[in-house]
Amino acid sequence: MKLIRGTALFVGLLGVAGATQAGVSSSWTLASDYDFRGVTQSARDPALQASLDYAHDSGWYIGAWGSNVDFGAGDPDVEVDLYTGFTKSLDSGLSYDFGGVYYTYHSAPTPGANYVELYAGLGYEDKSGMSIKGKFWHSPDFGGSSTPGNTPAEYIQADFSYPLPAGFSFDAHAGYSFGDYWSDADSEYFDYSIGIGYTAGKFSLAAKFIDGSDLADVPGTNVFDTRSKVVVTVATTFPWGE
């Protein structure tokens, strides 16, 4: 039911993307699990995810992204994120990216779950397509934990991608969650993933092993589960063009 509800929310985006103008795109992903920094956001169930984005020649971009979620009985079942930022790729292969995301959770019992996160990143890609990226995230009030006061959190990540023959790629990720939000609960943690990607025409397929087991699980439920897992995704981006 939650997957169907999420589908209904985003199906209108496809019609918008069908009439795209320059700089407008829409990406759609079907995932076996919605993983966020080593923690499931869909109770290890499948997720349908969609985005609608506009990118200007100057490097400025703005967009919205959504997915079904499962945080347990009575909690939100749809997440919609709004974001904007600025990115630039230089002739040397270096790139930078900075901006912010506003995470919103619909059907939440209170609006306190919504929160803002700011980010800044650097990257490098060579002529073969090999890329290395690093990004730092900061939230002044992570998870909307505003009572009795703001609780900041940080996340730092590194990502590596290497092209392989026949449309395949090797992808790796490592990240660390820290800051007051996590240290107050003595639960700062490390997550990582290793996977293989494959491009087949207009579709991108990926399978990755994910582990965030440094974080304690919620007993007796798959909600916010951090056990190691393999997540499979199929994605495509509109407009397809020629």
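The legends below describe close-up views of a predicted model. Local features need pLDDT of at least 70 and side-chain atom pairs count only at pLDDT 80 or more, while totals for chains, interfaces and linings use all residues. Residues are numbered from 1 along each chain as its sequence is written, and side-chain values use heavy atoms, with hydrogens and water left out.

**View 1. The largest nonpolar core has 20 residues.** Such a core is a set of buried Ala, Val, Leu, Ile, Met, Phe, Trp, Tyr and Cys residues joined through side-chain atoms within 4.5 Å; buried means under 20% relative accessible area, exposed over 50%, and partly exposed in between (1.4 Å probe, protein chains only). Val101, Tyr103, Tyr115, Trp137 and Trp182 have the most contacts inside this core.

**View 2. Asp35 and Lys229 form a salt bridge.** A salt bridge places a side-chain nitrogen of Lys or Arg within 4 Å of a carboxyl oxygen of Asp or Glu. The closest N and O atoms of Asp35 and Lys229 are 3.2 Å apart. Asp35 is partly exposed, at 22% relative accessible area, whereas Lys229 is buried, at 7%. Asp33 joins Asp35 and Lys229 in a network of salt bridges.

**View 3. Glu117 and Arg37 meet through their side chains in a salt bridge.** The N to O distance is 3.0 Å, and both Glu117 and Arg37 are buried.

**View 4. Asp97 pairs with Lys135 in a salt bridge.** Their closest N and O atoms are 3.4 Å apart. Asp97 counts as buried at 17% relative accessibility, and Lys135 as partly exposed at 22%.
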